[in-house]
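Please work through the following exercises with the sequence and the coordinates open beside you. Each one sets a task and then gives a solution in steps.

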Amino acid sequence: MTRAELGSLYDRSLFEQRRGIVGWVSGIAFFCLVMLAMYPTIHANTSFSKLIDAYPEALRKLFDISDYTTGPGYLRTEVFSFMAPLLVTIYAILQGSDLLAGEEERRTIDLLLANPISRRRVVLEKWLALATGVIVLSLVLELLLGLAGPLFELHLGWRQLSAAVLGTALFALFGGTFALAWGAATGARGAARGVSAAVVIAMYLLSALAQLVAALKSFEWASLWYHALGGDPLTTGFHYGHLGVLVVFIGALLAAAVRLFERRDLTA
Amino acid sequence: MTTLALDIKDLVKDYGSTRAVDHVSLELRAGEVLGFLGPNGAGKSTTLRLALGLLRPTSGTIAVLGHPAGSDEARAKVAYVAGDVSLWPQLTGADTLTLLAALHGDSDAAYTAQLIERFELDPRKRMRAYSKGNRQKVALIGAFATRAEVLLLDEPTSGLDPLMDRVFRECVGEARERGQAILLSSHMLSEVEHLCSRVAMIRSGQLFTVADVAQLRTRVGVEFDVTGDADGLDAIEGVTHVESLPDGARVRVVGPPGAFFAALATRNVTAVHGRESSLEEIFLSFYDESNVS
């Protein structure tokens, strides 16, 4: 996008994110390539299986380690059990908290809203910019693992990979939309980041610890992490019911963000 | 009856137990430049932010050309410049003007180019590299270039040098000629005096005077320096204040000055110099009065 094409809020939000997106794409690509490059060594070495089997069961459950020497098992443990969803979610929370609350803290929201552009449109265009960033990072994740995987002897079905990436993207979008909504309701960027991070971590811990603590297992459904990645999409593919839960939560948060932002006093 | 550019009725804005705007009613007519005067913290910016719909009133109503403040219809008719302008740091001046024109949807590109030249703005720089005055220029160009029927200007010249201040005054004149209405909030009385036909004065959230500048002058009167025999001038009808000077007296006369001149004609007076009160003096006089009441 050239600067002359800046015609809308969505364009401007993307334009401002462009360097950030390039940085995050590079980081995620580097992480994926390193993980892929290690796979041939692990795949060829049967002693890794024995080593993993020797781990305490609690540790294996906590870090979702099983079938470590197979392609899907390896990726589940090294990429999708924690790091990739975490990276994309951090990006989404940073952006989500900045899009409205950051604009308010920098006091540029005044001039924006002095124009005939409704608060609803501001929230929706900002959210679209957030979603675009998440989609770009997720596509990089998908294409890199799907296309470069075979070069490192790691073969995955596109359908299964897509299911895991979609779960990752929707969870990240949930985190980012939560941060956007908190920022819309309060105008405080720091708090939006902190609270969103706390919610995301709590959901991850609930999902992970539910594998260890029987008492938590019955509350697993309350974690959106579980709905995003808990059904082992790398092996079993799409679970539309679980993904639907994420979509509903994201929609509800977005609706709340619009409503809260429309009703608020925007202080100087 | 023509619709008012801005119609504020019994406006109240509370922040917790603090009342920032206290039952303010104000009318801005089409094609009028109305000065909005008051010290810092008097409630000027809050009133403007309420008119933009950035804040919601506790009670009362504001209409912009008949549309409720904050509605899309109202904001389509408004352009705004804040006193301490904050703009998007990553964008250049030109980008910002492009974005503002796109957002407002009713902007004159040829006039924008002309204003960039007149305000001597280098539009290639990024906002973060601009001084406060240059950021102010970008916001002013963006606002004047729109065909908004109502301009809300909140201390708009606080970062401008005197030359640019002159350009600003020309632009206000051009806007008035085009029929745009302007609410000019300021604590710089000389600026308001040159540009406005009416002024509204606010203190502690309360509007205490709305009047024509000429009418205010009449109410405050004219000051005369009388050289010569000035004894007993305070007894003359219309004289409200007498201050002794080494060679005479300084006298304030309110209302028709006939009795005053008739009295001077009978005395040994060698010179009389008259001077209209400045808006600053008027403001201070009203401000003191309202403080007392």
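Domain bounds, as used in the first exercise, come from an automatic or database domain assignment. The model is a predicted one, in which local features need pLDDT of at least 70 and side-chain atom pairs count only at pLDDT 80 or more, while totals for chains, interfaces and linings use all residues. Residues are numbered from 1 along each chain as its sequence is written, and chains are lettered from A and ligands numbered from 1 in the order in which they are written.

**Exercise 1. Confidence and domains**

Task: state the confidence scores of the model, and describe how chain B is divided into domains.

Solution. Begin with pLDDT, the predictor's confidence in each residue, from 0 to 100. Chain B has an average pLDDT of 89, and 98% of its residues score at least 70. For the model, the ipTM is 0.78 and the pTM is 0.84. Next, take the division of chain B, where domain 1 covers 6–216 and domain 2 covers 222–276. The centres of these two domains of chain B, taken over C-alpha atoms, are separated by 42 Å.

**Exercise 2. The sheet that contains β1 of chain B**

Task: give the strand order of the sheet and say which strands stand at its edges.

Solution. Helices (H or I, at least four residues) and strands (E, at least two) are DSSP runs, numbered from the N terminus, and two strands pair if DSSP finds at least two bridges between them. With these rules, four strands of chain B form an open sheet in the order β2-β1-β4-β5, and the pairing is antiparallel. The edges are β2 (18–28) and β5 (67–68) of chain B, and because each has a single partner strand, one side of each lacks a neighbour in the sheet. Further in, β1 (residues 6–15) and β4 (residues 59–64) of chain B pair in the antiparallel sense over five bridges, with V12(B) opposite S59(B) in β4(B).

**Exercise 3. The sheet that contains β11 of chain B**

Task: trace this sheet strand by strand, giving a bridge partner for each pairing.

Solution. The sheet is open, with four strands of chain B in the order β12-β13-β11-β14 and antiparallel pairing. Its edge strands are β12 (239–245) and β14 (269–276) of chain B; each has a single partner strand, so one side of each is left without a neighbour in the sheet. Starting from β12(B), six bridges join this strand to β13(B), among them the one that pairs L245(B) with G248(B), and the two strands form a hairpin with two residues between them. Strand β13 (residues 248–253) of chain B is also joined by six bridges to β11(B), again running antiparallel, and here T227(B) stands opposite G248(B). Finally, β11 (residues 222–228) of chain B is joined to β14(B) by seven bridges, with E276(B) as the bridge partner of V222(B).
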